[in-house]
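Let's take a walk through this structure together. Have the sequence and the 3D view ready as you read.

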Amino acid sequence: MNYLSVENIAKSYGERVLFTDISFGINKDQKIALIAKNGTGKTSLLNIITGKDTPDEGQVVTRNNLNIAFLSQEPDLIPSLTIEETIFASENKILKVIHNYEKALKNPENEEAYQKAFEQMEIHQAWDFETQYKQILFKLKLDNLDQKVSSLSGGQKKRLALATILISKPDLLILDEPTNHLDLEMIEWLESYFAKEKITLFMVTHDRYFLERVCNEIIELDNGQLYQYKGSYSNYLEKREQRIESEAASTEKAKNLFRKELDWMRRQPKARTTKSKSRIDDFYQIKEKAHQRRKEHQVTLEINMERLGSKIVELHNISKSFGEKIIADKFNYNFIKGERIGIIGKNGTGKSTFLNILTKALEPDAGKVVVGETVKFGYYTQSGIHSKPEQKVIDVIKEFGEFIPLTKGRTISAAQLLERFLFDRKKQYDFVEKLSGGELKRLYLCTVLIQNPNFLILDEPTNDLDIVTLNVLESFLLDYPGCLVVVSHDRYFMDKIVDHLFVFRGNGIIEDFPGNYSDFRVYEDSATPEENNTTEKKEKKSWKKDANSGLNYNEQKEYNRLEKEIKKLEQKKSEIEVLFLDPNLTGEEINEQSIKLQEITSQIEEKTERWFELSMKLE
């Protein structure tokens, strides 16, 4: 069943042509991802599909009475409302069904209206609406229903907008970077939800694991042309490579034919027969094909990194809290050359605060940060670039000098550097405020790297970057010889570039895990069920130190007992969370289970804190 058809649409802004003659359809139960480079029109295409913008040519045809929901990158919520009020202020058809039923109850003499309202309540399963929306809000960690929207963080607002949409059960859900501002736990829950639900999706995302596990079709907008690929993201990569090779072979064949036909044209045949005129027309088509070039410009990252001395950064008994919220508690760590650390944890556990302490932008409550004399930080923050009003792209780079030093004593002009970051000469004279989200991030990345840091800190660097730029950034970071600290929810990115993790558990607990994100997930998943034999158990716990010389006999017994108790509590926690998925759960039962869950969570945090204290004593 066709839900929506995009028919021969085109969009331009002045002389800048985004796309022309684009056509595709969205059918029921399809889960489609749109992939394109930054600045090529992804968001414009979404705005046209959702009716927020109009195409210059062509049209978008939707099925009658189709319920479309759009999750934008920046949700438009009413600050004065509470979380629960936001749910009831949405254009949710179930709310209208409930309103009609309540109206029918007030007029029982109209039996026909009552029967119709009753049937609609049955069809939409509206009897349990309260249970349904509370379950989704609970899964998205929005437990305080009376909290004002104005007091929510960026991640919480994104989750509330997402919850509002999921509760409305749209026919077609359109998503623009749905994983931005969500922590890893939320991304994995959303990924699992979309993968198992019969829901029709059309999305733009750079999260490659999300693409692989959710989508069953990929649409690529490449050099103004649209290409469609059935199957997963990995299948798309394979088929795309085959397409590019085929196009290259076809172009080479056209070049050979062009040379042959060019020789014929130069001989200027005197007799212009119908046949020769046809051949001349064909010649110009061959010429056009032979001169086709793929615009495969890539970001070239090249910096003249300052030499790192033996002393880099030392953290001595760092403690930091805001009121009762503990970020770090007597945390110690010495950074060494070439380290690449990933930082993960739920939103609000203090990851960005930790980075600010590391760079001395924020003082700890106790302890000290010692930074080596040769260390030069490069700090890519979530706040992004701060440009002056009416500042042009070229002027942002010229603030660092007309010529930028590279490796081996070479220099490069500001304009040449921008070209390496995919800003052509025309684009360099655009105002910064006209850039797309991804282009702004690319320009900001440029300003951080050209300062030649030897200790690079990246706080959510992958947000809004296209997959092409991400691949190049990953390649650069793999060869980067300095220290690297990354906070990111992009699991693919983390798996590729980090060696070990700082896991922020909350309440000041920061664990050092020796492995990438996928290794960590395997460990976490293996810690939930009971291991079947001692060998497996040893393998799964192998990241911890084996020697126990730092603990006395009673402490060692306590340490082993705490591991078992925490595991059992985690099992109980998982069992209760599963109960919340039951649509038949009453409001009273939800409250009862919520209290139990809160008690178990408190016990886990308390026992984990003690377990961490003991584990720090292990030699």
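**A glycine in a loop**

Start at Gly 338, which sits in the loop between strand E11 (325-334) and strand E12 (340-345); helices (H or I, at least four residues) and strands (E, at least two) are DSSP runs, numbered from the N terminus. This is a predicted model, in which local features need pLDDT of at least 70, side-chain atom pairs count only at pLDDT 80 or more, and totals for chains, interfaces and linings use all residues. Residues are numbered from 1 along each chain as its sequence is written, and side-chain values use heavy atoms, with hydrogens and water left out.

Gly 338 has 29% relative accessibility, so it counts as partly exposed (buried is under 20% relative accessible area, exposed over 50%, partly exposed in between, with a 1.4 Å probe and protein chains only). Leu 484 is 146 residues away from Gly 338 in sequence, yet their C-alpha atoms are 7.4 Å apart in space. Leaving aside residues up to four places away in sequence, Gly 338 touches Pro 481, Gly 482, Cys 483 and Asp 499, where contact means heavy atoms within 4.5 Å.

Now turn to helices H6 and H7. Arg 159, Leu 162 and Leu 166 in H6 meet Met 186, Trp 189, Leu 190, Tyr 193 and Phe 194 in H7. Phe 194 also touches Lys 31, Leu 173, Leu 175, Ile 199, Leu 201, Phe 210 and Val 214, among residues beyond four places away in sequence.
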